[in-house]
Amino acid sequence: MSATVTTKGQVTIPKPVRDFLGIVPGTRVDFHRAADGAVVLTRADEKRPASRFSKLRGHAGKGLSTDAIMALTRGDE
């Protein structure tokens, strides 16, 4: 993935990277130099983006008993 530097020295962070890091307008970012000389982009607040599965986690409520589920599975009424 690559980007072009503008005449003002600005670069647009590609959307897949913004989505992965959870970067939205107003998010502060840091640039760090790694030991191997690479430059690493991170969120300044170090918040991890919400997992795409996080909204699916939780408890659905009391639900059915095992006997009720087995009755539905067998077609009992």
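The model is predicted, so local features are taken only where pLDDT is at least 70 and side-chain atom pairs only at pLDDT 80 or more, while totals for chains, interfaces and linings use all residues. Residues are numbered from 1 along each chain as its sequence is written, and side-chain values use heavy atoms, with hydrogens and water left out.

**The overall layout**

Let's start with the big picture. The protein has 2 helices and 2 strands, and along the sequence they come in the order α-β-β-α. Helices here are DSSP runs of H or I with at least four residues, strands are DSSP runs of E with at least two, and both are numbered from the N terminus.

How much of the protein is buried? Of its 77 residues, 4% count as buried. Buried means under 20% relative accessible area, exposed means over 50%, and partly exposed lies in between (1.4 Å probe, protein chains only). The protein exposes about 7,300 Å², and carbon and sulfur atoms supply 55% of that; such areas come from the Shrake-Rupley method with a 1.4 Å probe, and for residues only the protein chains shown count as cover.

Contact means heavy atoms within 4.5 Å. Among contacts between residues at least 6 apart in sequence, 12% join residues at least 24 apart.

**The hairpin**

Strands β1 (residues 29-33) and β2 (residues 39-43) pair in the antiparallel sense over 5 bridges. Two strands pair if DSSP finds at least two bridges between them. Histidine 32 stands opposite valine 40 in β2. The hairpin has 5 residues between its strands, and glycine 37 takes a positive phi near 95° there.

**Two salt bridges**

A search of the whole structure turns up 2 salt bridges. The term means a side-chain nitrogen of Lys or Arg within 4 Å of a carboxyl oxygen of Asp or Glu.

| Salt bridge | Closest N and O atoms |
|---|---|
| Lysine 15 and aspartate 19 | 3.1 Å |
| Arginine 43 and aspartate 45 | 2.8 Å |

Take lysine 15 and aspartate 19: they sit 4 residues apart in helix α1 (residues 15-21), which means about one helical turn separates them. An α-helix has 3.6 residues a turn, so residues three or four places apart point the same way. Lysine 15 is partly exposed at 47% relative accessible area, and aspartate 19 is also partly exposed, at 49%.

**A closer look at arginine 43**

You'll find arginine 43 in strand β2. Its side chain reaches the backbone oxygen of glycine 22 at 2.6 Å. Leaving aside neighbours within four places in sequence, arginine 43 is in contact with several residues, including Leu21, Ile23 and Val29.

Helix α2 (residues 66-74) is hardly covered: of its 9 residues, the count of buried ones is 0. Just after α2, glycine 75 has a positive phi of about 85°.

Which residues make the nonpolar surface patch? Leu64, Ile69 and Leu72 make it, with an area of about 310 Å². Patches are built from residues with over 30% relative accessible area and no salt bridge, joining like charges within 9 Å and nonpolar side chains (Val, Leu, Ile, Met, Phe, Trp, Tyr) within 5 Å. Leucine 64 lies in the loop between β2 and α2 and is exposed at 55%.

Methods. Polar contact = N/O pair within 3.5 Å; in protein donor to acceptor, adjacent residues only side chain to side chain.
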